[in-house]
Amino acid sequence: MDSSKGPTEWGEGRHGVGPWEGPLPEDPRFDAQLLAEGDTRNVVDAYRYWTREAVTADIDKRRHPLHVAIENFENDANIGTVVRTANAFAADTVHIVGRRRWNRRGAMVTDRYQHLMHHPDVSSLLEWAQTQELTVVAIDNTPGSVPLETVELPEKCLLLFGQEGPGITPEAAEGALMTCSIAQFGSTRSINAGVAAGIAMHAWIRQYADLSQSW
Ligand SMILES: C[S@@+](CC[C@H](N)C(=O)[O-])C[C@H]1O[C@@H](n2cnc3c(N)ncnc32)[C@H](O)[C@@H]1O
């Protein structure tokens with residue numbers, strides 16, 4: 001097993017392409033090693049054989065003004081899922097608030113192509129958002145929250161999620177323009193934070209994304 005690889009890459013042989021066939025392309029976006037050995041990474045076909053830098057630079061050209069932040073004071077296991085979904089939706093940056101370390105397993109290596117930023121606490125995140133003229137929207141089903149299903153999200157938006165267990169911190173809720181809830185109809189008090197993040201990001205996508213630019 002190649003120890004330089006992360007756990008999500010160990011089983012990557014199920015998809016991908018073999019070594020490049022025919023004359024090698026000269027485009028600098030192509031990676032010599034991938035051309036020689038094949039490309040089994042979790043990337044869309046348009047990015048096959050491209051270097052990591054070239055993939056990130058290409059997404060950078062059309063990233064959305066959508067940021068997501070997740071509180072990580074207890075090492076939340078959902079952050080990988082949030083990162084993967086943020087990558088899929090070409091979100092600008094994923095912000096980790098609290099602990100710097102996070103469990104990368106669910107990211108399926110998508111963190112390589114996603115801008116990530118760490119903030120030691122909620123107040124640093126809120127200050128940074130203000131400098132970027134981003135409107136912070138907390139996502140939780142707490143008293144006083146407004147239904148995500150009926151609300152108009154801001155275009156320059158930072159969606160802020162809480163952790164399994166405690167949920168969003170009071171400081172985060174106070175610093176946000178509003179808190180939005182996702183309607184539930186069953187017995188559980190809440191849904192998984194990674195799932196909630198996917199639903200909320202997609203609510204923004206439905207409002208603002210140019211679908212003709214999707215894959
Ligand atoms: C598992 S929840 C925990 C807190 C929850 N408020 C409770 O009372 O159990 C963790 C995070 O997932 C998100 N979340 C889960 N269910 C949600 C819902 N129905 N509406 C909005 N956010 C939700 C929020 O960001 C929340 O902070």
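## Basis of the model

Because the model is predicted, local features are described only where pLDDT is at least 70 and side-chain atom pairs count only at pLDDT 80 or more, while totals for chains, interfaces and linings use all residues. Residues are numbered from 1 along each chain, following the sequence as written.

## Two domains

The protein chain is divided into domain 1, residues 13-59, and domain 2, residues 62-210; these bounds come from an automatic or database domain assignment. The C-alpha centres of domain 1 and domain 2 are 31 Å apart. Six residues from domain 1 and eight residues from domain 2 take part in the contact, where two residues are in contact if their C-beta atoms, placed from the backbone, lie within 7 Å.

The side of domain 1 that touches domain 2 has two nonpolar, two polar and two charged residues. In this classification Ala, Val, Leu, Ile, Met, Phe, Trp, Tyr, Cys and Pro count as nonpolar, Asp, Glu, Lys and Arg as charged, and the others, Gly among them, as polar.

## The sheet

Seven strands form an open sheet with parallel pairing, in the order β3-β2-β1-β6-β4-β7-β5. Helices (H or I, at least four residues) and strands (E, at least two) are DSSP runs, numbered from the N terminus. Two strands pair if DSSP finds at least two bridges between them. The edges of the sheet are β3 (115-119) and β5 (146-147); each has a single partner strand, so one side of each is left without a neighbour in the sheet.

Strand β4 (residues 135-139) is joined to strand β7 (residues 178-181) by three bridges, and the two run parallel. Here V137 stands opposite M178, A138 stands opposite T179, and I139 has C180 as its bridge partner. β4 also pairs with β6 in the parallel sense, over five bridges; in β6, C157 is the bridge partner of T135. Four of the five residues of β4 are buried, so this strand is largely enclosed by the rest of the structure. A residue is buried if 20 or more other C-beta atoms lie within 10 Å of its own, exposed if 12 or fewer, and partly exposed in between, with C-beta atoms placed from the backbone.

## Helix α6

Helix α6 (residues 193-208) has 16 residues. From its first C-alpha to its last, the helix reaches 23 Å, close to the 22 Å expected at 1.5 Å a residue; the expected span is 1.5 Å times one less than the number of residues.

The buried residues of α6 are A193, G194, A196, A197, A200, M201, A203 and W204. Among the elements that cover these buried residues are β1 (64-72), α3 (79-88), β2 (91-98), β4 and β6 (157-161). An α-helix has 3.6 residues a turn, so residues three or four places apart point the same way.

## Around the ligand

There are 18 residues around the ligand, and G162, G167, S190, A193 and A196 come nearest. A residue is near a molecule if its C-beta atom, placed from the backbone, lies within 6 Å of it. By class, the shell around the ligand has seven nonpolar, eight polar and three charged residues.

## Selected residues

Y49 lies in the loop between α1 (32-37) and α2, and is buried because 23 other C-beta atoms lie within 10 Å. E133 lies in the loop between α4 (122-131) and β4, and counts as exposed because it has 8 C-beta neighbours inside 10 Å.

T56 belongs to helix α2 (residues 52-60) and counts as partly exposed, with 15 C-beta neighbours inside 10 Å. The C-alpha atoms of T56 and V43 are separated by 11 Å, and the two residues are 13 residues apart along the chain. A91 is found in strand β2 and counts as buried, with 26 C-beta neighbours inside 10 Å. Leaving aside residues up to four places away in sequence, A91 touches H64, L66, H67, V68, A86 and M201.
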